[in-house]
Amino acid sequence: MKLYSAPYAPNPRRVTMFLAEKAIVDIEVIRLDLQKGEHRDPAFRTKSPLAQVPTLELDDGRTLTESRAICSYLESIYPEPSLLGRDAWERAEIEMWDRRAELLFTLPLMMWVRHGSPHLAAVEREQTPEIAAYYQKQAMRLAKWFDTILADRIWIAGDRFTIADITAVCGLDFAKMMRWRPGEDLPHLKRWREAIADRPAGKVAA
Ligand SMILES: N[C@@H](CCC(=O)N[C@@H](CS)C(=O)NCC(=O)O)C(=O)O
């Protein structure tokens, strides 16, 4: 299998962190340069119709182009350690937290960066400062909420590291481009981020 990824991009990093936690090493990772528009190449579009990374290409040529779908597929093939849950309750609970992490936290952070950082101008093409300001506000509001959640649990979905932690930290680290990271005003979020640094996923470059 091949994974099309890109340096600094949070959605492919969600998958490369997932690979690291599971110690999966037999997937070839191909890095595209988004600044140069390599993902818009017609040959790549035959694999990824929306011209996005990550894209997982199976040995028979089939492709998956959504990071969460790629992780679900990999979890089925490499079940240990489980990052999506082992039984019906765990799977549903982790999915609930992962959706919250993605839709309420990582997505606003990504939109803030995409519309606010000059480094993303070539990728976003039409940056809108009002959109950046709107999503910054949303993201900061939800950062506070996640900080209160993490006050009495180690990881986002409870007492073990899951995809919800990977999803949230990909958004959080991307916001370094806006010079934001949780400080003393968000002590639980800060402690959680520091704990990820010691894990295999934490070694994957942002
Ligand atoms: N829903 C997709 C989103 C993928 C996505 O937005 N990827 C970005 C990189 S983080 C991309 O390829 N952007 C290229 C572009 O927008 O032109 C997923 O999670 O896989």
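## The second largest pocket

Let's start with the second largest pocket, which has a volume of about 160 Å³. Of its 13 lining residues, Ala6, Thr16, Arg31, Val204 and Ala205 are the closest to its centre. The model is predicted: local features need pLDDT of at least 70 and side-chain atom pairs count only at pLDDT 80 or more, while totals for chains, interfaces and linings use all residues. Residues are numbered from 1 along each chain as its sequence is written, and side-chain values use heavy atoms, with hydrogens and water left out.

On a 1 Å grid over the protein atoms alone, a pocket is an open set of points with protein on both sides within 12 Å along at least five of seven lines, a cavity is a set where a 1.4 Å probe fits but cannot get out, and lining residues have an atom within 4 Å of a point. Points are joined across faces, edges and corners, and a volume is the space filled by probe spheres set on them.

## What lines it

Both α1 and β2 (28-31) supply at least two residues of this second largest pocket's lining, and α1 has the largest share, with 3 residues. (Helices, H or I of at least four residues, and strands, E of at least two, are DSSP runs numbered from the N terminus.)

By class, the lining of the second largest pocket splits into 9 nonpolar, 2 polar and 2 charged residues. Ala, Val, Leu, Ile, Met, Phe, Trp, Tyr, Cys and Pro count as nonpolar, Asp, Glu, Lys and Arg as charged, and the others, Gly among them, as polar.

## The largest pocket

Now for the largest pocket, with about 860 Å³ of space. It is lined by 34 residues, and Asn11, Leu34, Val53, Arg114 and Val123 are the closest to its centre. The elements giving two or more residues to this lining are α1 (10-22) and α4 (88-116), with α4 giving the most, 6 residues.

The lining of the largest pocket has 20 nonpolar, 7 polar and 7 charged residues. It draws at least three residues from each of domain 1 (2-77) and domain 2 (88-203), with bounds from an automatic or database domain assignment.

## The cavity

The structure holds 1 cavity of 30 Å³ or more, and the largest cavity has a volume of about 40 Å³. Its lining is made of Pro10, Asn11, Arg14, Glu102, Thr106, Met110, Thr167 and Cys170.

At least two of the largest cavity's lining residues come from each of α1, α4 and α7 (163-174). Domain 1 and domain 2 each give at least three, and the classes come out as 3 nonpolar, 3 polar and 2 charged.
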